[in-house]
Amino acid sequence: MTMKFDSNLHKEIWSLGDMTQTLCGNLPEKAAGVFRKEELARFERIVISGCGDSICAAYAVKECFEKLLKMDIDTPVCIDLARHYDVRRFGEKGTTLAILVSFSGKVSRVVEAAERAKRNGAVTMAVTHDSESPVAKACDRILHVVPEEFDLHRTPGCRTYVASMLGLYHFAIQMAEMLGKIKTEEADRYRAEILAYSEASVNSREELEEKLYNLAVRFRDVPYFEFLSSGPEFASAWFGQAKMYEATGDFSRYENFEDWTHVDYILRKMDSGMFLFVDKRNPSLSRAIEVSQVLTRQDYRYRIFTNAEPELFADPLKVIQIPTAPQFWMQPLFETVPACLFAGALADVKGTTEFCADMIDSLFPFGGSILRYSKIEEH
């Protein structure tokens, strides 16, 4: 390991390879045991939702479900599913599968969404590590995702995010195989590709961390950060923004390439640090290239996480190469590692290595109770 610093977030990042090996060893069997083939065959649509990192995971895997299952997949934010979603969209009783993602299993709004979906005819499945949690108990079925644990304290949820995505990817692969949408050989290839992508991510960590630590030193005085992407990679921007809040307390925002060009670029130059995520197979690659031209022209501080050729962008020196997933829909799985590496490095540079310490001690003394004990209503 090149850098000489440590934190709980740093430990999380360094444990992702072992955790992935563990989960990929047991998730296929677990995913196969949630539903029988004839039960899966009844589903005409799938709704995936959660709060915080969990809705990011839902958005990240949406394209995987669409590609493998060729179904209508919806990923509403959890409060919409719980209180605003048109229940007619659930269709005939038993034809919609509502997947509720909550690693802790304790978030009230996810419980509320599960209850509302079930009340209106959907079959519900929890993706959680706690089979006795309120979310698990509110759902008809459970996909139990249990990585080997270590003391997380108040660490930003890097491992839990990847674990949730792994559970969802394996469930989509298993469902597609059981329904005959893909052959067993193809399903096995996808499972092997997840492990290969994990290994590539592990092998890139030290080089990436050194680059990102040096960047954190240069970006130490940046007042706030912006994360941009689109498609399934929009989840990486969304998640990266959240990790900056959690690791350093710095204000951050996320946006898609198109809306940034519609609004933000016409403003005076903002004093932000910008991060773009774009895979060379992303249909929005040309838009990302155009955004990089604006950023270079206006002399923004920015970096692009990509597997595309650096020369495609306005300033090749602003490109940080990241591993390529074997499938585009798989790219979000480890694409957030660089964002977490940067957040952890900046936390070390700024001395904010305790997860949200200042914010929690001064503004949020009730901890997670605002999430776990929020009133559950019937809508």
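**Exercise 1.** How do the axes of H1 and helix H7 (residues 158-178) cross, and within what distance do they come?

*Solution.* This is a predicted model, in which local features need pLDDT of at least 70, side-chain atom pairs count only at pLDDT 80 or more, and totals for chains, interfaces and linings use all residues. Residues are numbered from 1 along each chain as its sequence is written, and side-chain values use heavy atoms, with hydrogens and water left out.

- Step 1. The axes of H1 and H7 come within 9 Å and cross at roughly 25°. Axes are lines fitted to C-alpha atoms, for helices over the stretch in contact, and angles run from 0 to 180 degrees between N-to-C directions. Helices (H or I, at least four residues) are DSSP runs numbered from the N terminus.
- Step 2. H1 and H7 are therefore roughly parallel (angles under 35 degrees; over 145 is roughly antiparallel).
- Step 3. The crossing of H1 over H7 is right-handed. That term applies if the near helix is turned clockwise from the far one by less than a right angle, and left-handed if anticlockwise.
- Step 4. Their contact (heavy atoms within 4.5 Å) holds 16 nonpolar, five polar and two charged residues. Ala, Val, Leu, Ile, Met, Phe, Trp, Tyr, Cys and Pro count as nonpolar, Asp, Glu, Lys and Arg as charged, and the others, Gly among them, as polar.

**Exercise 2.** Which residues of H1 and H8 meet?

*Solution.*

- Step 1. Start with the geometry: the axes of H1 and H8 come within 10 Å and cross at roughly 170°. That makes H1 roughly antiparallel to H8.
- Step 2. On the H1 side, the residues are His10, Ile13, Trp14, Ser15, Gly17, Thr20, Gln21, Cys24 and Pro28. On the H8 side, they are Arg191, Ile194, Leu195, Ser198, Val202, Arg205, Glu206 and Glu209.
- Step 3. Sort this contact by class: seven nonpolar, six polar and four charged.

**Exercise 3.** At what angle do helix H3 (residues 53-69) and helix H9 (residues 234-248) pack?

*Solution.*

- Step 1. The angle is about 165°, and the axes lie 8 Å apart. H3 and H9 are therefore roughly antiparallel to each other.
- Step 2. H3 passes H9 in a left-handed crossing.
- Step 3. H3 brings Asp53, Ile55, Cys56, Tyr59 and Ala60 to the contact. H9 brings Phe234, Ala235, Trp238, Phe239, Ala242 and Lys243.
- Step 4. The class count is nine nonpolar, no polar and two charged.

**Exercise 4.** How many cavities of 30 Å³ or more does the structure hold?

*Solution.*

- Step 1. There are two. On a 1 Å grid over the protein atoms alone, a cavity is a set of points where a 1.4 Å probe fits but cannot get out, and lining residues have an atom within 4 Å of a point. Grid points are joined across faces, edges and corners, and a volume is the space filled by probe spheres set on the points.
- Step 2. The largest cavity has a volume of about 60 Å³. Its lining includes Tyr197, Ser204, Leu208, Ile322 and Val337. H8 (184-218), H12 (332-335) and H13 (337-350) each supply at least two lining residues. The largest share, five residues, comes from H8.
- Step 3. The second largest cavity holds about 30 Å³. Leu16, Gly17, Ser198, Ser201, Val202, Arg205 and Phe334 line this cavity. H8 gives the largest share here, four residues. Helix H1 (8-32) and H8 each supply at least two.

Key:
Parallel < 35°, antiparallel > 145°, perpendicular 65-115°, else oblique. 1 Å grid on protein atoms, 1.4 Å probe; cavity = no way out; pocket = protein on both sides within 12 Å on 5 of 7 lines; lining within 4 Å.
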